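Subject: Structure for your review

Dear colleague,

Please find the structure below, together with its sequence.

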Amino acid sequence: MAGGAYVVIALSFGLAGGIVGKIKGSSFFIWFVISAVVPVIGLLTAIFYRSERDELRRQCPTCGRICMLHDALCVRCGTELEFPDGAIAAESNPSAAR
Ligand SMILES: [Zn+2]
């Protein structure tokens with residue numbers, strides 16, 4: 001019955017990942033499939049997915065790339081990033097002035 005147990009686990013993770021994805025405004029089906037195929041990683045990805053979009057961002061002064069606020073180095077040009085005075089609002093909430 002090992003196969004049956006795997007199916008139960010995959011469906012459980014699939015449902016959990018799908019629900020998390022749906023709550024976060026993404027596709028239930030996509031996250032269901034991802035979480036069912038790679039149970040633990042898929043679910044974690046679904047949970048992490050939106051938090052990345054909710055991060056405050058700022059612009060690299062050298063190359064202009066939009067970086068995450070917590071990044072210490074620009075991932076494109078390698079410029080060291082000072083902690084900024086102002087941040088660009090999160091991608092998921094562009095109207096909020098922060
Ligand atoms: Zn840069």
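I begin with Ser 92, which counts as partly exposed because its relative accessibility is 24%, and the range for that class starts where buried, under 20%, ends. Please note that this is a predicted model. Ser 92 lies in the segment that comes after strand S2 (66-68). Between Ser 92 and Leu 56 there are 36 residues of separation in sequence, and their C-alpha atoms are 9.9 Å apart in space.

As to the overall architecture, the protein contains three helices and two strands. Along the sequence these elements follow the order α-α-α-β-β. The protein has 98 residues, of which 28% are buried. Of the contacts with a separation of 6 or more, 34% are between residues 24 or more positions apart. The accessible surface amounts to about 6,400 Å², and carbon and sulfur atoms contribute 66% of that surface.

Which residues coordinate the zinc ion? The donors are the SG atoms of Cys 60, Cys 63, Cys 74 and Cys 77, at 2.2 to 2.3 Å. In sequence, these donor residues are spaced C-x2-C-x10-C-x2-C. The four donor atoms make angles of 107 to 113°, and the site is tetrahedral. For reference, the ideal angle for four tetrahedral donors is 109.5 degrees.

The remaining topic is aromatic pairing. How many aromatic pairs does the structure hold? There is one aromatic pair. The ring centres of Phe 28 and Phe 32 are 6.0 Å apart and the ring planes meet at 25°, so this pair counts as stacked; the class requires planes under 30 degrees apart. Both residues belong to helix H2 (residues 28-37), and because Phe 28 and Phe 32 are four residues apart there, about one helical turn separates them. Phe 28 itself is partly exposed, at a relative accessible area of 31%.

Yours sincerely

Definitions and conventions
Residues are numbered from 1 along each chain as its sequence is written. This is a predicted model: local features need pLDDT of at least 70, side-chain atom pairs count only at pLDDT 80 or more; totals for chains, interfaces and linings use all residues. Side-chain values use heavy atoms; hydrogens and water are left out. Buried means under 20% relative accessible area, exposed over 50%, partly exposed in between (1.4 Å probe, protein chains only). Contact means heavy atoms within 4.5 Å. Accessible areas come from the Shrake-Rupley method with a 1.4 Å probe; for residues, only the protein chains shown count as cover. Donors are N, O and S atoms within 2.8 Å of the metal (3.2 Å for Na, K and Ca); water is not among the atoms, so sites may look incomplete. Four donors count as tetrahedral if all angles lie between 85 and 135 degrees; four count as square planar and six as octahedral if opposite donors are over 155 degrees apart and all others between 65 and 115; anything else is irregular. Rings of Phe, Tyr and Trp (its six-membered ring) pair if their centres lie within 6.5 Å; planes under 30 degrees apart count as stacked, over 60 as edge-to-face and the rest as tilted.
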